[in-house]
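Subject: Structure for your files

Hello,

Here is the structure I said I would pass on. My notes on it follow below; please read them with the structure open.

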Amino acid sequence: MTTKSSRMLDKQGLIELEEGEDVRDSPRFNADIAPTKAHERTWSKWNIAALWVGMSICVPTYTLGGVLTAYFGLSVGEALLAILLANVIVLIPLTLNAFPGTKFGIPFPVVLRSSFGILGSNVPCLIRALVGCGWFGVQTMFGGLAIHLLLSTIVPPWQALGGIGEVIGFFIFGAMNLYVVIRGAESIKWLETLAAPLLLAVGIGLMFWAWPHMSMTELLLQPPSRPEGAPVYGYFFAGLTAMVGFWATLSLNIPDFSRFAKSQKDQIVGQVLGLPLTMFFFAALGVVMTAASESLVGQTVADPVSLIGMINNPFWVSLAMVMIIIATISTNTAANIVSPTNDFQNVAPRYIDHTRGVLITGAFGVALMGYDLMQKAGILTSGVSLESMYSNWLLGYSSLLGPIAGIMAVDYFLIKRQRLDVPSLYQDGKAYPAINIAGFIAFGIPVSLTLLSLTTGTMFWFYDYGWFTGSILGAVIYYVASLALSPVSQTVQATAIDVERRL
């Protein structure tokens with residue numbers, strides 16, 4: 001396996017690869033996706049919590065209440081309950097899939113090599129990467145609008161640029177994001193720790209500002225948009241699935257961050273503290289602000305950037321836009337750039353390092369938003385609103401990502417029993433196969449059923465509840481398929497146990 005037994009195992013199980021080991025010469029290895037070393041484990045529970053606060057406070061979170069009421073037929077109360085419940089549910093795969101990252105210091109693509117194979121891992125990696133690039137484009141569009149409004153306030157002639165100004169803002173904002181990530185994990189940690197208290201303070205301030213201009217009682221009593229007398233459960237669970245899908249991406253690539261955590265307790269406590277209540281509060285803020293917008297600016301506005309831009313006070317508009325820019329950068333860098341960067345590196349680690357992975361992510365993000373950019377520049381004149389686009393997108397990609405989340409958790413906890421032969425994860429022809437058939441069977445069946453439901457109109461519930469149906473079915477099939485291919489899993493497990501004993 002290696003020429004010498006020179007691996008070191010700390011009290012958490014972290015394996016450090018020393019100079020001279022042949023794994024470093026493998027085409028599946030580079031320094032950026034190598035296991036983190038003990039001195040790189042600097043993220044406490046408060047840093048993890050700040051990460052989630054920074055990621056949760058963003059424009060799409062603000063609009064979730066409107067998405068659920070307008071597109072899923074829920075009342076305001078039902079929508080807020082679905083958001084809170086979804087973020088409690090998504091904590092389960094988040095904390096479970098964070099375990100191997102924290103124990104072994106390995107990122108998401110390397111964790112996937114255990115369940116999908118050394119080369120096979122590129123399939124789920126690229127699916128996750130493309131979703132991340134799409135979200136990068138959406139978030140950058142919001143950030144670009146904020147930069148355009150900020151410049152229009154500070155330099156009034158800028159406003160005459162209109163859509164062209166928004167396009168320029170898009171590229172300025174995108175470059176700012178890429179710069180932060182290129183500087184590395186400590187730069188992201190610093191940004192999130194700085195942004196979290198500022199964003200919470202701004203959110204609380206906005207809530208106090210809007211509260212006198214609306215009636216929460218009247219808001220909660222508004223009837224839902226679904227057909228009168230229709231049972232609530234179908235609409236509620238479809239909305240719940242979409243809300244789980246909002247962080248289905250991070251439930252996969254959470255090892256990209258948990259690999260820097262000091263301990264399992266830090267990653268668990270940090271996620272519990274940072275995610276559910278922040279998402280609930282900021283989604284509720286969006287509902288309140290939208291309801292109050294009629295009194296504040298004379299019309300109903302669901303987009304916070306546009307709403308704040310209508311305030312006739314240059315100082316407060318400028319300050320609010322700066323906060324929105326910080327909020328969107330803190331979300332975009334961590335949620336939408338880090339994972340694609342690592343995922344693209346996994347394809348060809350020898351040729352794609354961290355910086356190149358970041359630049360590839362940016363290029364794909366721009367390409368995926370090209371249609372909307374051309375709209376804003378006046379080249380195209382019609383299109384689909386971002387809100388309606390990602391309301392459908394949440395359901396669609398959650399059906400793809402759900403099976404991967406279930407497969408990852410079952411592989412690590414039930415099949416491998418929390419033991420991984422880390423050096424072999426970076427080498428061809430060692431303990432792990434190039435393609436793990438069990439992983440692809442478990443992924444292919446739920447995805448095929450989803451496509452069947454979409455194309456034939458039968459079993460549409462399978463698509464509507466795609467994350468739940470996909471993750472549960474994928475987990476069960478993977479467990480059964482892995483037992484049927486038990487010689488492979490038992491060999492890997494025995495090798496990992498032997499490595500731990502010798503260390």
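Asp266 is found in helix 13, which covers residues 264–274. The model is a predicted one. With a relative accessibility of 13%, Asp266 falls under the 20% cut-off and therefore counts as buried. Leaving aside residues up to four places away in sequence, Asp266 touches Trp43, Ser44, Lys45 and Ile48. Its C-alpha atom is 9.5 Å from that of Thr102, although Asp266 and Thr102 are 164 residues apart along the chain.

On the chain as a whole: the protein chain contains 24 helices and two strands. It has 503 residues, and 57% of them count as buried. Among contacts with a separation of 6 or more, 82% are between residues 24 or more positions apart. The accessible surface of the protein chain is about 19500 Å², and carbon and sulfur atoms account for 67% of that surface.

Next, the interior. In soluble globular proteins, nonpolar side chains tend to be buried together. The largest nonpolar core here has 109 residues, and the ones with the most contacts inside it are Trp52, Ile106, Trp247, Met321 and Tyr426. Helix 6 (residues 122–154) gives the most to this core, contributing 13 residues. Apart from this core lies another, of 24 residues, including Val76, Ala210, Phe282 and Ala292.

What does Tyr426 touch, not counting residues up to four places away in sequence? The list includes Val23, Ser26, Arg28, Phe29, Ile33, Ala34 and Pro35. Tyr426 also touches Ile106, Pro107, Val110 and Arg113.

As for the cysteines, Cys125 has 0% relative accessibility and counts as buried. Cys133 is likewise buried, with a relative accessible area of 0%. How many disulfides are there? The count is zero, going by a rule that asks for a pair of cysteine sulfur atoms within 2.5 Å.

Finally, the surface. Leu119, Ile435, Ile437, Ile441, Ile445 and Leu485 make a nonpolar surface patch of about 480 Å². One of these residues, Ile437, lies in helix 21, which covers residues 437–456.

Regards

Terms used:
Residues numbered from 1 in each chain as written. Predicted model: local features only at pLDDT ≥ 70, side-chain atom pairs only at ≥ 80, totals over all residues. Heavy atoms only, no water. Buried < 20%, exposed > 50% of the residue type's maximum accessible area, 1.4 Å probe, protein only. Helix = DSSP H or I, 4+ residues; strand = E, 2+ residues; numbered from the N terminus. Contact = heavy atoms within 4.5 Å. Areas by Shrake-Rupley, 256 points an atom, 1.4 Å probe, with all protein chains shown as cover. Core = buried A, V, L, I, M, F, W, Y, C linked by side-chain atoms within 4.5 Å. Patch = residues over 30% accessible without salt bridge, like charges linked within 9 Å, V, L, I, M, F, W, Y side chains within 5 Å. Salt bridge = Lys/Arg side-chain N within 4 Å of Asp/Glu carboxyl O.
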